[in-house]
Amino acid sequence: MGWLTKFFRGSTHNISEGQHQSKPAEEARWNEPSSSTVVTDVISEFDNEDIDRAIALSLSEEENRKSKRTGKELHLDEDEQLARAIQESLNVESPPRARENGPPPRARENSSHSRARENGSANGGNAFQQLPFMFSSGFRTCAGCHSEIGHGRFLSCMGAVWHPECFCCHACNQPIYDYEFSMSGNHPYHKTCYKERFHPKCDVCKQFIPTNMNGLIEYRAHPFWLQKYCPSHEVDGTPRCCSCERMEPRESRYVLLDDGRKLCLECLDSAVMDTNECQPLYLEIQEFYEGLNMKVEQQVPLLLVERQALNEAMEGEKTGHHHLPETRGLCLSEEQTVSTILRRSRMTGNKIMEMITEPYRLTRRCEVTAILILYGLPRLLTGSILAHEMMHAWLRLKGYRTLSPDIEEGICQVLAHMWIESEIMGGSGSNTTSTSSSSSSSTSSKKGGRSQFERKLGDFFKHQIESDTSVAYGDGFRAGNQAVLQYGLKRTLEHIRLTGTLPF
């Protein structure tokens, strides 16, 4: 089953103090008053006395510079110098109103940190030249409080103008005084608030998923559970549940089985742990086959075993079998001795240790000597594996010829899929009478009302069968399921018996 790799792009916008005018770079800027304390109004309100003072000041400065000029400059007459001084003093009367009719600048997505000049010292310390950069000279409406901004400091971004205290973070509702802010939709955020709300966190280590070398947030996600995690957890030894495949979160501990597998606590809740505990489930699946008019007449032993015993039994078979990389069930045809789990073992901390086993000698009375199932799996998974292996037994006992892997494994997966569907649709499972074994009450409770997780787990096992990418199990199931849907199970099985192929 393939896992998903996803990328996440953030959104960062710049905000800076400075000039409010239309620029192609779409800048968002703060507008800040001059640091000078003598300037208290806009330039358009300067009277003639201020202009005369400015002219006199300019003339005085020109007189001081005359002594340093070259011979060519000394030929400039006093009238020309006076005209130039008047022109320079009148330049400060250029009001910013003409620029206010243009479209307001918008915030720009950027990851750099933009800084503005603080006052007029960047232009030689002339406070008058900085006034158009520092004050609003019109009466605009704040997009936040909808009142007039008037004169003073304001912010222009997102196609509107704001009082600084009205431009607030959508998450914490506090003003954004930073030079940079982030956007989601039409809402601004502090960078920290944006990260807390939108930056994905790893479901394993609970930390923010780091960016890759290209500056993108890259993470893995399970295709069914959508569990997000850092790519590093695939190689750092983080364990997965042997049943549901979810990674072990740092704040919880999976149960360690005696054969090295790990099981999450949710899967452990309905796990079938020994041979006796599995017998009621075996009776349920026999009844399921009887309901399909496919009763298995012979008494075939069912044994729960450890992984090592399952692998050894598979090696002891003379006939070829088609198995997944992780074998969890086996239909035997040969006589051999297997080590079966007699009863559930003790649990120490988060470990299940010292499984109590006993040897079981298989004798050949028919084409099938036993069905072996891996212990410690949830009831729904154990049942689906058992339904699959029961179909292998049924085919052999009914005299079906040696089939190709995709036909035999495919039709066995169809029966496993059908059983899971019947369990999910039935909700509470079958009403089979419990046996008198010591595990009957425990098994009966597991067949009762299913928890939300168990229903989700059943959907996951169905998804595993449906999305399998292998030729024998995956392609074989999809072809066999299509044949059953089109022609029915009975007709499909009859065609397989006669031809060894599906009825297409």
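The legends below describe close-up views of one predicted protein model.

Because the model is predicted, local features are reported only at pLDDT of at least 70 and side-chain atom pairs only at pLDDT 80 or more, whereas totals for chains, interfaces and linings use all residues. Residues are numbered from 1 along each chain as its sequence is written, and side-chain values use heavy atoms, with hydrogens and water left out.

**View 1. The protein chain as a whole.**
The chain holds 14 helices and 21 strands, where helices (H or I, at least four residues) and strands (E, at least two) are DSSP runs numbered from the N terminus. Of its 504 residues, 45% count as buried, a class that means under 20% relative accessible area, with exposed meaning over 50% and partly exposed lying in between (1.4 Å probe, protein chains only). Among the contacts (heavy atoms within 4.5 Å) with a separation of 6 or more, 61% come from residues 24 or more positions apart.

**View 2. The open sheet β14-β20-β15.**
Three strands form this open sheet in the order β14-β20-β15, with mixed pairing; two strands pair if DSSP finds at least two bridges between them. Strands β14 (302-305) and β15 (329-332) stand at the edges with a single partner strand each, so one side of each has no neighbour in the sheet. From one strand to the next the twist averages 20°, with axes taken as lines fitted to C-alpha atoms, for helices over the stretch in contact, and angles running from 0 to 180 degrees between N-to-C directions. The pairing of β15 with β20 (residues 370-374) is antiparallel over four bridges, and leucine 330 stands opposite leucine 372 in β20. Helix α7 (residues 275-291) packs on the sheet, touching β14 and β20, and its direction makes about 135° with that of β14. Helix α8 (residues 307-315) lies across β14, β15 and β20, running at about 40° to β15.

A salt bridge is counted where a side-chain nitrogen of Lys or Arg lies within 4 Å of a carboxyl oxygen of Asp or Glu. Arginine 246 forms such a bridge with glutamate 266, their closest N and O atoms being 3.3 Å apart. Since arginine 246 belongs to the loop between β10 and β11 (255-256) and glutamate 266 to helix α6 (residues 265-268), the pair ties together parts 20 residues apart in sequence. Arginine 246 is buried at a relative accessible area of 16%, while glutamate 266 is partly exposed at 39%. Lysine 262 forms a salt bridge with glutamate 248, with 3.6 Å between the closest N and O atoms. Lysine 262 lies in strand β12 (residues 262-263) and glutamate 248 in the loop between β10 and β11, so this pair ties together parts that are 14 residues apart in sequence. Lysine 262 is partly exposed at 21% relative accessibility, and glutamate 248 is buried at 7%.

**View 3. Two residues with positive phi.**
Histidine 146, in the loop between α4 (127-134) and β5 (154-157), has a phi near 65°, a positive value in a residue other than glycine. Histidine 146 is exposed, with a relative accessible area of 60%. Leucine 226, placed in the loop between β9 (217-221) and β10 (228-229), likewise has a positive phi, of about 60°, although it is not a glycine. Leucine 226 is partly exposed, with a relative accessible area of 49%.
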